[in-house]
Amino acid sequence: MIFTTKPILPDLDAYMEEIQDLWDTRWITNMGVKHNSLEEELRRYLGAKNLTLFVNGHLALEAAIGAFNLKGEVITTPFTFISTTHAIVRSGLEPVFCDIRSDDYTINADIIETLITDRTVAIVPVHVYGNPCDVQKISTLADKYKLKVIYDAAHCFGVTLNGKSIACYGDASVFSFHATKVFNTVEGGAVACSDSNISLVLESVRNFGFSRDGEVENVGFNGKMNEFQAAMGICNLRDIEEIISIRKNIYDRYMENLDGIQGIKLNFPQRDVGHNYSYFPMVFDGYKKTRDRISEELKANSVETRKYFYPLTNRYKCYEHYKSNVTPVAEYIAERVLTLPLHQEITYDDIDRICSIIKK
Ligand SMILES: *Cc1c(COP(=O)(O)O)cnc(C)c1O
């Protein structure tokens with residue numbers, strides 16, 4: 001079986017060496033040496049002013065949204081992983097779903113303004129598949145209406161826009177280091193933000209709300225990344241350039257095979273973007289076979305694909321009560337999109353075989 005994704009693991013000896021001193025120190029969690037050193041390395045790699053590690057991406061997202069102490073409506077996209085919508089709702093906020101652009105699948109900034117009411121407090125956009133949102137337009141709207149912008153940057157590790165790290169935009173950007181992501185710490189996440197007061201809140205919230213002087217100032221939870229996760233991150237970060245370059249080669253090979261076919265729409269990285277090739281989405285629009293038919297055919301040939309993102313988050317049972325017919329472009333794409341296998345062990349032969357099945 002060819003899986004859609006396969007976690008990156010470092011060289012076993014390198015990992016053993018990295019964790020060896022934990023047997024001497026017995027400091028295995030609670031902001032240990034590995035944790036603090038990974039936090040600093042990632043802060044530098046992502047070009048962030050402040051960076052706060054978390055045990056996973058979802059809790060990082062909840063903490064980031066919660067850190068601004070907001071009440072009211074949040075404009076967001078339904079074309080994302082369910083985590084985005086959960087994080088908004090679990091923070092006591094009301095999601096307002098905005099449609100996406102048909103070219104890069106990110107939130108349509110031209111529509112955002114029509115959804116702003118006197119209850120709107122924030123925008124939570126998603127850099128889908130590593131495609132940056134229209135950060136300029138979103139920032140202009142945020143300034144005009146005094147809204148916070150918290151980017152779900154879970155797909156976007158290592159991405160740059162006009163040579164600048166994607167982590168520099170908005171009030172906060174949230175990353176996921178889950179096993180299936182481009183960079184992993186087994187499970188993990190981080191919030192990048194520019195305001196050091198917000199970063200202090202995040203630090204406190206991830207540790208039961210304790211502040212540096214031992215007072216409990218915030219309603220916190222346990223969101224700490226442990227030393228074994230951090231050691232995994234330290235090892236994987238050493239290989240990140242190579243990991244992204246392998247992904248690029250696979251991506252390009254798919255492109256060569258599939259570009260120019262009637263009824264198939266591919267995801268071309270924008271020109272000003274340094275991409276991370278996190279996913280290979282394709283949209284079947286007017287192709288001789290439907291997305292579902294192609295996915296079944298690939299499965300019969302031992303190739304696993306994913307319908308990212310189908311259904312939309314506002315089509316799941318627990319969000320049915322949010323009007324779900326208001327994002328026609330997102331509905332249209334969700335019915336037709338398929339992501340193909342993309343990980344370090346996919347060979348050119350695999351790619352050619354997958355593409356020939358699709359073409360046949
Ligand atoms: C993976 C992901 C998350 C959640 O991150 P975890 O680390 O799995 O908790 C949130 N949003 C998006 C868009 C994701 O892809």
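1. Where does Val-216 lie in relation to helix 8 (196–206) and helix 9 (227–238)? In this predicted model, Val-216 is found in the loop between helix 8 (196–206) and helix 9 (227–238). Its relative accessible area is 44%, and Val-216 therefore counts as partly exposed, a term used for residues between the buried limit of under 20% and the exposed limit of over 50%.

2. Val-216 also belongs to a nonpolar patch on the surface, which it forms with Phe-208 and Phe-210, and the accessible area of these residues together is about 270 Å².

3. Turning to the pockets, the largest pocket holds about 520 Å³ of space. Its lining is made up of 32 residues, and those nearest its centre are Phe-81, Ser-176, His-178, Thr-180 and Lys-181. At least two residues of this lining come from each of helix 4 (57–66), helix 5 (82–90), strand 8 (172–176) and strand 13 (337–340). Sorted by class, the lining of the largest pocket has 15 polar, 12 nonpolar and 5 charged residues.

4. The second largest pocket holds about 420 Å³ of space. It is lined by 18 residues, of which Glu-62, Gly-66, Ala-67, Val-205 and Val-219 are the closest to its centre. Helix 4 and helix 8 are the elements that give two or more residues to this lining, and helix 4 gives the most, with 4 residues. By class, the lining of the second largest pocket has 9 nonpolar, 5 polar and 4 charged residues.

How values were computed. Residues are numbered from 1 along each chain as its sequence is written. This is a predicted model: local features need pLDDT of at least 70, side-chain atom pairs count only at pLDDT 80 or more; totals for chains, interfaces and linings use all residues. Side-chain values use heavy atoms; hydrogens and water are left out. Patches are made of residues with over 30% relative accessible area and no salt bridge: like charges are joined within 9 Å, nonpolar side chains (Val, Leu, Ile, Met, Phe, Trp, Tyr) within 5 Å. Accessible areas come from the Shrake-Rupley method with a 1.4 Å probe; for residues, only the protein chains shown count as cover. A salt bridge is a side-chain nitrogen of Lys or Arg within 4 Å of a carboxyl oxygen of Asp or Glu. Buried means under 20% relative accessible area, exposed over 50%, partly exposed in between (1.4 Å probe, protein chains only). On a 1 Å grid over the protein atoms alone, a cavity is a set of points where a 1.4 Å probe fits but cannot get out, and a pocket is an open set with protein on both sides within 12 Å along at least five of seven lines; lining residues have an atom within 4 Å of a point. Grid points are joined across faces, edges and corners, and a volume is the space filled by probe spheres set on the points. Ala, Val, Leu, Ile, Met, Phe, Trp, Tyr, Cys and Pro count as nonpolar, Asp, Glu, Lys and Arg as charged, and the others, Gly among them, as polar.
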